[in-house]
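Hello,

Here is the structure we talked about. Please open it and follow along with the notes below.

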Amino acid sequence: MEKPQISIIISTYDSVDWLKKTLFGYANQSFTDFELLVADDGSDDLTKKTIAKLSSLFKRPLKHIWHEDKGFRKTTILNKAIEATQADYILMSDGDCIPEFNFVAKHMKYRKADYFLSGGYFKLSLLLSQMITLGDIENQSCFNINWLKKRGLKNSIKNIKITAKGFESDLLNSLTPTKATWNGHNSSGWKKDILKVNGFDERMQYGGEDREMGERLLNLGIKAKQIRYCAICVHLDHTRGYVKEEMLINNARIRKETRIMKKTYTDYGIVKK
């Protein structure tokens, strides 16, 4: 087969139920000329079996990029996945974010030379996350505001992420005060640009590790475009028992150094010293 137009990298760790829903979302996309790589930070065999079982739903077989569980090493496995991609353009998200049917198409529509795209997510409660079935993903009910409200979604200004369409979503993208950053749950960019900054800094664990790479892209002269109101994914709730205070402190120190020194490259990324 010819190389895909876009490579999609989904990160995961021992969360099979959420990963299954996420992958089913990609199996129901309007744009299908993509390869999908699951960047697995050391999950057990159940994840491997789930990926193998769902692979037949896709135009191209799913790629399972795995390493041994030695603690939170998401940046390391993401770098391995970046190296394994075949397309010139890369979309990244997480294994707890179900994409709307036109999610990939939106990233393809708005991609542009010398830019990366910055999306967001629509966060659901744990109960609502558990209620969503594969059928709800296939018929897109879980992106319908009335369906969500009937199942407990509360009124909020944030609900406009789900309801905004067409011109309204484009207008909101241009007016939002939220800064366009590289968000690991919903961002895309050119592989050549990601390689120029040497991917993710593998010293970093949880807390802004994705944004730090985006800051190096910005320092390099790559601009960021906001698409948080048109490329929609719903975020399934879960606990974060792996988060430790020392992770956040270390990551904040590295990000501060990147900003102050206007770094465009990390010595701790895809290519090592």
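First, a definition: two strands pair if DSSP finds at least two bridges between them. Helices (H or I, at least four residues) and strands (E, at least two) are DSSP runs, numbered from the N terminus. This is a predicted model, in which local features need pLDDT of at least 70 and side-chain atom pairs count only at pLDDT 80 or more, while totals for chains, interfaces and linings use all residues. Residues are numbered from 1 along each chain as its sequence is written, and side-chain values use heavy atoms, with hydrogens and water left out.

**The sheet**

Strands of a sheet pair through backbone hydrogen bonds, either parallel or antiparallel. Here, 7 strands form an open sheet in the order 3-2-1-4-8-6-9. The pairing is mixed. Strand 3 and strand 9 (223-226) are at the edges. Each has a single partner strand, so one side of each has no neighbour in the sheet. On average, neighbouring strands of this sheet are turned by 25 degrees against each other, direction ignored. (Axes are lines fitted to C-alpha atoms, for helices over the stretch in contact; angles run from 0 to 180 degrees between N-to-C directions.)

Now look at strands 1 and 2. They run parallel and are joined by 7 bridges. Which residue in strand 2 is the bridge partner of Ile-8? It is Leu-36.

**Salt bridges**

A salt bridge is a side-chain nitrogen of Lys or Arg within 4 Å of a carboxyl oxygen of Asp or Glu. The count by this rule is 13. For burial, the cut-offs are under 20% relative accessible area for buried, over 50% for exposed, and in between for partly exposed (1.4 Å probe, protein chains only).

- Lys-63 and Glu-35 meet at 2.9 Å, N to O. Lys-63 lies in strand 3 (residues 63-66) and Glu-35 in strand 2 (residues 34-40), so the pair ties together parts that are 28 residues apart in sequence. Lys-63 is partly exposed, at 25%. Glu-35 is buried, at 2%.
- Asp-201 and Arg-203 meet at 2.7 Å, N to O. Asp-201 is buried, at 1%. Arg-203 is partly exposed, at 27%.
- Arg-259 and Glu-215 meet at 3.8 Å, N to O. This pair links helix 12 (residues 245-260) with helix 11 (residues 209-220), and its residues are 44 apart. Arg-259 is partly exposed, at 45%. Glu-215 is buried, at 14%.

There is also a network of salt bridges that links Lys-74, Asp-94 and Glu-209.

**Pockets**

On a 1 Å grid over the protein atoms alone, a pocket is an open set of points with protein on both sides within 12 Å along at least five of seven lines; lining residues have an atom within 4 Å of a point. Grid points are joined across faces, edges and corners, and a volume is the space filled by probe spheres set on the points.

The largest pocket has a volume of about 770 Å³. Its lining has 32 residues. Nearest its centre lie Lys-74, Asp-96, Tyr-206, His-238 and Tyr-242. Helix 11 gives the most to this lining, with 3 residues.

The second largest pocket has a volume of about 470 Å³. It is lined by 26 residues, and among the closest to its centre are Tyr-121 and Phe-122. Strand 7 (122-123) and helix 5 (126-131) each give two or more residues to that lining.

Best wishes

Methods
1 Å grid on protein atoms, 1.4 Å probe; cavity = no way out; pocket = protein on both sides within 12 Å on 5 of 7 lines; lining within 4 Å.
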